[in-house]
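Here are my notes on the model you sent over. Have it open while you read, as the points below go element by element.

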Amino acid sequence: MTTQHTDYDAIAIGAGFAGLALIHYLREAGLSIRVFDKAADIGGTWTWNRYPGAMTDSESYYYCLTFSRELLQEWSWTRRYPDWKETHNYFHFVADKCDMWPHIQLNTEIVSADYQQDSAHWLITTAAGDTFTCKYFISGMGMISEPVIPKIKGMDTFKGPLFHSSRWPQEDLDYAGKRVGIIGAGATTVQMLPVMAKTAKSVTVFHRTPNFILPAMQQPMTPEWEKEIKENYDEIVTKCRNHIFGMAFDTAEGRKAVETSPEERQRIFEEKWTGSFRWVFETFEDLLSDPEANKMASQFIIDKMKERIEDPAIAEILVPKLEDYPLFAKRPPLDHGYLEAYSRDNVHLIDIKDREPIVEITETGVRTTENHYEFDIIVLATGFKAYTGALEAFPIRGVSGQTLREKWQQQSKSIMGVCVADFPNMFIVTGPQAPFANLPTSIEQNVIWITNCIKKMESEGYDVVSPRQEAEDEWTAHTAEIHNQTLMAEGDKVNSWMMGANLEDKAPRVLIYFGGANNYYDRMDESANQGYPELEFEKRTG
Ligand code: NAP
């Protein structure tokens with residue numbers, strides 16, 4: 001075996017939740033770790049997504065790391081959903097309190113990662129040309145981080161600022177009194193519009209596919225609520241671990257919408273209409289599995305949306321029709337006044353799907369087939385290359401020299417979203433074919449699995465851990481089988497990022513394990529308890 005020295009035991013990319021969790025768990029296991037991030041600050045998503053109104057859609061008290069009871073007790077959230085600034089403060093609190101800064105290197109873009117067959121090490125190269133070696137290479141780059149930049153004619157001719165919503169200028173762009181055009185109307189625009197509309201001269205949204213929009217119902221964190229949370233944190237953490245979406249929600253107690261009388265169903269739908277995704281999971285258990293139940297829920301949301309939109313012509317564009325697609329085939333946004341914002345005189349909605357498609361971007365605005373709209377600022381709120389985008393943005397080369405991007409041309413295969421065949425000693429936190437769930441819960445579960453695997457490597461003297469091809473084939477087939485039984489499989493009809501159906505250069509595919517995050521976490525525990533049968537461990541001698 002080669003005993004070449006490495007710069008670090010582990011190198012991770014991404015100083016968001018994953019990076020901080022990796023620092024905690026790997027450092028505790030006695031490893032040296034360096035976390036690189038191209039951003040100027042820690043926080044991942046919450047450093048990049050600084051658009052007005054950027055806010056979590058998970059409730060604050062379980063959208064956090066749980067490895068330290070002390071952190072959970074000492075940090076105080078100010079409201080039900082924290083905005084990016086509060087989450088940013090939370091990241092600093094964790095990094096300061098746990099003395100994580102020495103492990104973090106910001107302003108450092110990684111441009112390649114290459115597995116070295118001879119040494120079984122990874123060679124990581126930065127944009128500045130610096131190189132670092134490590135035994136374990138870990139992606140903490142996030143599953144919704146690489147933006148989709150649409151190809152619109154004339155985009156480079158626009159004279160004013162034009163940028164993707166997730167690349168909001170860090171110097172904080174002043175949009176007060178300006179005319180703003182927003183292309184795209186997903187979860188980002190739903191958060192951004194009502195805040196921008198308050199001070200911008202005008203905001204014009206270019207809209208394609210309607211969304212099922214659920215209310216967020218923001219609330220301040222009262223002392224009584226905080227006390228209750230802090231007294232019950234163990235239970236909250238366990239609830240997340242055992243929930244199908246990793247959220248601290250109650251169950252629907254075996255209730256099925258299709259088996260409930262219309263009056264009682266309506267009563268339960270109304271009673272639980274208290275904000276967040278809770279409504280989907282705490283009303284009835286068949287909303288995402290039974291097409292009839294899904295239609296009942298969809299109709300309820302449609303009616304609620306229509307009640308809040310003053311102008312029927314606007315409602316016609318914004319509100320989905322029952323026959324369009326099932327609830328959750330597209331990820332529903334949470335709303336903080338989005339629908340009401342369209343009642344303002346300075347907010348305009350343009351239907352670019354059926355009425356006036358965009359033709360080009362000009363020096364001064366956006367030209368559709370019908371009109372030319374003048375803007376000072378254009379925001380592309382056009383979504384993300386989910387799950388695979390960040391991993392394909394620069395070459396990550398495995399044993400064969402093939403990059404992840406090349407490997408994933410047809411299918412984005414993995415073992416539980418954490419390992420990929422042909423890429424030894426490499427781990428991904430929430431990669432393709434992991435669940436879509438409350439991210440800090442999934443991230444921490446993944447990091448625990450990865451850390452325990454690395455501990456086994458180190459304590460038993462292994463040099464190489466290689467994901468088995470047959471395990472990858474098995475997980476991919478299992479994930480596809482489950483996916484095809486769900487209503488989410490209809491996401492390809494409506495460009496859902498949950499299937500990569502929003503990408504022009506790739507066919508839609510299975511990207512998410514929909515068998516329940518709780519079942520997925522069980523499966524990970526089982527794998528660890530059985531000594532990681534999906535992986536082959538090797539000692540190099542001589
Ligand atoms: P998105 O939901 O994918 O929405 C993108 C929007 O851009 C859609 O309206 C899409 O229309 C439109 N679009 C894409 N390409 C276009 C083109 N070439 N021309 C015109 N319109 C185009 O993206 P997002 O709003 O950024 O949200 C993505 C995900 O990020 C969310 O679902 C969520 O998981 C996460 N997110 C989370 C939070 C939070 O938790 N607080 C906040 C924001 C985002 P079509 O639908 O017709 O394709």
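This is a predicted model: local features need pLDDT of at least 70, side-chain atom pairs count only at pLDDT 80 or more; totals for chains, interfaces and linings use all residues.

1. Start with the open sheet. It has five strands in the order E7-E16-E8-E9-E12, and the pairing is parallel. Strand E7 (162–164) and E12 are at the edges; each has a single partner strand, so one side of each has no neighbour in the sheet. On average, and ignoring direction, neighbouring strands here are turned by 20° against each other.

2. E7 runs parallel to E16, and three bridges join the two. If you want a pair to click on, histidine 164 sits opposite leucine 380 in E16.

3. Now for helix H5. It lies across E8, E9, E12 and E16, and runs at about 160° to E9.

4. Where does H5 bend? The bend is at leucine 193, by about 35°, in a helix that spans residues 187–199. A proline, proline 194, follows within four residues. Both Leu193 and Pro194 are buried.

5. What do the buried residues of H5 pack against? Their partners include strand E8 (179–183), strand E9 (202–207), strand E12 (347–351) and strand E16 (377–380). Strand E11 (334–335) and helix H12 (338–341) are also among the elements they pack against. The buried set in H5 is made up of Thr188, Thr189, Val190, Gln191, Met192, Leu193, Pro194, Met196 and Ala197.

6. Over to strand E1 (residues 8–13), which is mostly covered, with five of its six residues buried. E1 pairs in the parallel sense with strand E6 (residues 131–139) over five bridges, and also with strand E2 (residues 33–36), in the parallel sense, over four bridges. For landmarks, alanine 12 has isoleucine 138 as its bridge partner in E6, while isoleucine 13 has phenylalanine 36 as its bridge partner in E2.

7. Next, a helix pair. Helix H15 (residues 439–459) packs with helix H17 (residues 517–529) at an angle of about 10°, and their axes are 10 Å apart. Angles under 35 degrees count as roughly parallel, and H15 and H17 are therefore roughly parallel to each other. On the H15 side the contact is made by Thr441, Ser442, Gln445, Asn446 and Trp449; on the H17 side it is Tyr520, Tyr521, Met524, Asp525, Ser527 and Ala528. Sorted by class, this contact has five nonpolar, five polar and one charged residues.

8. Setting aside neighbours within four places in sequence, tryptophan 225 is in contact with Tyr61, Arg80, Gln219 and Pro220.

9. Last one: threonine 388, in the loop between E16 and helix H13 (389–392). Threonine 388 counts as buried, at 4% relative accessibility. Which residues does threonine 388 contact, leaving aside neighbours within four places in sequence? They are Trp408, Ser412, Pro432, Lys506 and Leu511.

Note on methods
Residues are numbered from 1 along each chain as its sequence is written. Side-chain values use heavy atoms; hydrogens and water are left out. The bend at a residue is the angle between axes fitted to the seven residues ending there and the seven starting there. Buried means under 20% relative accessible area, exposed over 50%, partly exposed in between (1.4 Å probe, protein chains only). Contact means heavy atoms within 4.5 Å. Axes are lines fitted to C-alpha atoms, for helices over the stretch in contact, and angles run from 0 to 180 degrees between N-to-C directions. Angles under 35 degrees count as roughly parallel, over 145 as roughly antiparallel, 65 to 115 as roughly perpendicular and the rest as oblique. Ala, Val, Leu, Ile, Met, Phe, Trp, Tyr, Cys and Pro count as nonpolar, Asp, Glu, Lys and Arg as charged, and the others, Gly among them, as polar. Two strands pair if DSSP finds at least two bridges between them.
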